[in-house]
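Open the model in your viewer and keep the selection panel at hand. Each stop below says what to select and what is there.

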Amino acid sequence: QELLAESVRNAGPTVRFDNYPIGRFALNRVINAHPGVELLHLHWPGPLFEPLFWPTSRLPDWLRLSMLTADLLLARLRGKRIVWTLHNLVAHESKNAKLETTACATLARWSHQIIAHSQSALQLAQRTYAVRFDHKAHVIPMGNFDGIYSPTKPKPPAHTRGAEAPIRVLFFGAVRPYKGLKR
């Protein structure tokens, strides 16, 4: 995120990071907190969808989805552009994948631009959300980190003569049981 922000800053715009406020109408609350903002770039919409899953809410799903739609439409009416970088079809640990899929379809419908990291991801998202958005989608492959990390190669771990070298694995992301990792 920092590397992306740096490259955008180098092109001229001011970039601010902010969290979604807890509660409904999060986008408009962000706009109120930063009145000069022109574009909202959403990377991980999970927190934006969180009010859809509040266990204490007695509102039906369609009404909670309507409030999300109203938040998006109000942001647009206020002249703010919405760009979504689509990383996952739904969150890995979604509380309700069907409802979240509908929320993502709503976000896809009302975003001005959508970024996907591959053509196949774009096509899969359109099929999953049943929304055509290729006219406003851009495929930007995930960048590499050449020049960011040291080019030196790590030394292999020492091992006893005749014994097999230990295997070391670097795992990125949250370690969760469903990912099949054993201690």
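Select Glu-50. At 30% relative accessibility, Glu-50 counts as partly exposed; buried means under 20% relative accessible area, exposed over 50%, and partly exposed in between (1.4 Å probe, protein chains only). This is a predicted model: local features need pLDDT of at least 70, side-chain atom pairs count only at pLDDT 80 or more, and totals for chains, interfaces and linings use all residues. Residues are numbered from 1 along each chain as its sequence is written, and side-chain values use heavy atoms, with hydrogens and water left out.

**Salt bridges**

Lys-95 forms a salt bridge with Glu-50, and the closest N and O atoms are 2.6 Å apart. The term means a side-chain nitrogen of Lys or Arg within 4 Å of a carboxyl oxygen of Asp or Glu. Lys-95 is exposed, with a relative accessible area of 58%. This pair links distant parts of the chain, 45 residues apart: Lys-95 sits in the loop between β2 and α5, Glu-50 in the loop between α3 and α4. Helices (H or I, at least four residues) and strands (E, at least two) are DSSP runs, numbered from the N terminus.

How many salt bridges does a search of the whole structure find? It finds three.

Next, select Arg-64 and Asp-61. Their side chains meet in a salt bridge at 2.6 Å, N to O. Both residues lie in helix α4, three residues apart, about one turn of the helix. An α-helix has 3.6 residues a turn, so residues three or four places apart point the same way. Arg-64 counts as buried at 10% relative accessibility, while Asp-61 is partly exposed at 33%.

Now select Asp-134 and Arg-132. Here too the side chains meet in a salt bridge, 2.6 Å from N to O. Asp-134 is partly exposed, with a relative accessible area of 37%. Arg-132 counts as exposed at 57%.

**Lys-136**

Move to Lys-136, in the loop between α6 (119–129) and β4 (137–139). Lys-136 is buried yet has no salt bridge. The nearest side chain of opposite charge, Asp-134, is 9.8 Å away; Lys and Arg count as positive, Asp and Glu as negative, and His and the chain ends are not counted.

Which backbone oxygens does the side chain of Lys-136 reach? The backbone oxygen of Ala-108 lies 2.9 Å from a polar atom of the Lys-136 side chain. The backbone oxygen of Arg-109 is reached at 2.8 Å.

Show the neighbours of Lys-136. Not counting residues up to four places away in sequence, Lys-136 touches Ala-108, Arg-109, Trp-110, Ser-111, His-112, Gln-113 and Ile-114. Contact means heavy atoms within 4.5 Å.

Select Leu-42, Leu-48, Phe-49, Leu-52, Trp-84, Tyr-129 and Phe-133. These have the most contacts inside the largest nonpolar core, which has 32 residues. Such a core is a set of buried Ala, Val, Leu, Ile, Met, Phe, Trp, Tyr and Cys residues joined through side-chain atoms within 4.5 Å. Among the elements that each supply at least two residues of this core are α2 (26–33), β1 (39–42), α4 (61–77) and α5 (97–110). Which element gives the most? It is α5, with six residues.

Zoom in on Tyr-129. Not counting residues up to four places away in sequence, its contacts include Trp-84, Leu-86, Cys-104, Ala-105 and Ala-108.

Buried residues of α5 include Leu-99, Glu-100, Thr-106 and Leu-107. Among the elements that cover the buried residues of α5 are β1, α3, β2 and β3.

From Thr-106, step across to Ser-66. Their C-alpha atoms are separated by 9.4 Å, though the residues are 40 apart along the chain. Ser-66 is in helix α4 and counts as partly exposed at 35%.

**Two positive phi angles**

Phe-25 has a positive phi of about 55° although it is not a glycine. It lies in the loop between α1 (2–10) and α2, and is partly exposed at 32%. Ala-130 also has a positive phi of about 55° without being a glycine. Ala-130 is in the loop between α6 and β4, exposed at 66%. Most residues other than glycine have a negative phi.

Terms used. Polar contact = N/O pair within 3.5 Å; in protein donor to acceptor, adjacent residues only side chain to side chain.
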